[in-house]
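Here are some notes to read alongside the structure. Keep the model open and look up each residue as you go.

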Amino acid sequence: MAVSRRNLLRSAAAVVPALALGSALPGGASAAGGALPEWRVFPFTTSSDWYGFKRLAFAPGGGAMAAGSHYHWDEIVKEEPAAFAFDGTDWKSYEFSKFPKDTRPLTGISVGAADDVWAVGERINRPTMLDEAQILHWDGTAWSDRTGSAGSAIGRPEQIDGTGGALWVVGNAKYPATGAVALRRSGSAWTSVPLPATLGAHSGLLTVRVVAADDVWVGGYTATEARGTRTPLVMHWNGTAWKTLPTPFGSAVGQVSALLVRDGVCWAGGAAGARAAVATWSGGAWSLRSPEGQDASEVTQLAAYGAEVWSVGTRVALQRWTGASWSAAPSPTSAPLTSGALANGPDGSLWLAGSTSAAGGVPAFFAQLPAAA
């Protein structure tokens, strides 16, 4: 039976869990938080290629980049790394051929300026045919490999955050070692930051937020056995030592995959049991703020918008916390998302990088919600 290129690409897209958006609203009035501006949409493809976005980041000066995967047709469906940059007017694609050879799709990105972008992911080691860590830098012209000695410590980088001398990467140890790994940029080299000995041998870090050199938050999970029960984990670095916080979602198993720090409050998003979970920490105890989700759901993105916090994730609708509860947020598209990333612009705007499973193709887009009044 013949299989069309479009169907193959749709099958490839299906490997990323769908992000349910609930009712798609064009903007304007919303149930809990009053009127909102209209979304401004930047469509960038009408082809049947598919893009899956993992991270979206802005520089303090306004430069931005989104990173993830590009599925395309070349006799077979191929998955390549993808990056798009914002020039102040529109989003531009940096072709996957600009990445070093054998680079795999990116998992994290941090933007200091238009010519100072860091990204993490993996590359294929051709002699062994195994994936290994890769840390990349964009200087405005080309990507270069800056993994260096970090490659001996980290096997799978999950996320990168920060700028200048406060740049951090978190992930998992290089096989056959196990356990969580945190790296900090020191001069021109990466330095491993020792983690608490109380973490289980099979723990992992999935997300990092750098507020300042002495104010770093990491999230993930603890586990004592391979493929064993995971306990959600959040830790704070004060520039000298780690503080391990109580588990954010009570006694539930799961993990923390998104962090947001604003006004002295840490927001942790992830999964508790088989459901999406969010909790806040203001220094004394965690307060649950979990949005509505389906089974096997997880919050993977958190972003601030004015006085609100927005979330999206696997089987989690695009939602907004208005101070007392979550409510459905207006969406820039009527089609369900298959991939999406949230971030704040330096002007207070909210950005969404997404792709949809729309009939007739899988178009991708960027959308901006102007700063709240």
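1. Let us begin with a word we need: a residue is called buried when its relative accessible area is under 20%. Keep in mind too that this is a predicted model. Now look at strand 29, residues 364–369. On one side of strand 29 sit Ala364, Phe366 and Gln368, on the other Phe365, Ala367 and Leu369, and all of these are buried, so both faces are covered. With 6 of its 6 residues buried, strand 29 is largely enclosed by the rest of the structure.

2. Next, valine 41, which belongs to strand 3 (residues 40–43). Valine 41 is partly exposed, because its relative accessible area of 38% falls between the 20% and 50% cut-offs. Apart from neighbours within four places in sequence, valine 41 is in contact with Pro332, Phe365, Phe366 and Ala367. Valine 41 and leucine 369 are 328 residues apart along the chain, yet their C-alpha atoms are separated by 8.9 Å.

3. Now for an open sheet of 4 strands, ordered 8-9-10-11 and paired antiparallel. Strand 8 and strand 11 (143–145) are at the edges with a single partner strand each, so one side of each has no neighbour in the sheet. On average, neighbouring strands of this sheet are turned by 30° against each other, direction ignored. Inside the sheet, strand 9 (residues 116–125) and strand 10 (residues 130–138) run antiparallel and are joined by 9 bridges. Valine 117 has tryptophan 138 of strand 10 standing opposite.

4. Is serine 110 buried or exposed? Serine 110, a residue of strand 8 (residues 103–113), has 4% relative accessibility and therefore counts as buried. Its side chain reaches the backbone oxygen of glycine 162 at 2.6 Å. Leaving out residues up to four places away in sequence, serine 110 touches several others, among them Ala57, Trp118, Gly162 and Leu167.

5. Strands 12-13-14-15, in that order, form an open sheet with antiparallel pairing. The edges are strand 12 (154–163) and strand 15 (189–192); each has a single partner strand, so one side of each is left without a neighbour in the sheet. From one strand to the next, the twist averages 30°. Strand 14 (residues 180–186) is linked to strand 15 by 4 bridges, running antiparallel. Arginine 185 faces you with another pair to look up: tryptophan 190 in strand 15 stands opposite.

6. Last, some empty space. Rolling a probe the size of a water molecule over the atoms shows where such space is left. The second largest pocket has a volume of about 860 Å³. Of the 38 residues lining this pocket, Phe58, Asp161, Arg209, Leu260 and Asn344 are the closest to its centre. Several strands each supply at least two residues of the lining, including strand 4 (50–58), strand 8, strand 12 and strand 27 (337–344).

Notes:
Residues numbered from 1 in each chain as written. Predicted model: local features only at pLDDT ≥ 70, side-chain atom pairs only at ≥ 80, totals over all residues. Heavy atoms only, no water. Pairing = 2+ DSSP bridges. Axes fitted to C-alpha atoms, helices over the stretch in contact; angles between N-to-C directions. Buried < 20%, exposed > 50% of the residue type's maximum accessible area, 1.4 Å probe, protein only. Polar contact = N/O pair within 3.5 Å; in protein donor to acceptor, adjacent residues only side chain to side chain. Contact = heavy atoms within 4.5 Å. 1 Å grid on protein atoms, 1.4 Å probe; cavity = no way out; pocket = protein on both sides within 12 Å on 5 of 7 lines; lining within 4 Å. Points joined across faces, edges and corners; volume = space filled by probe spheres on them.
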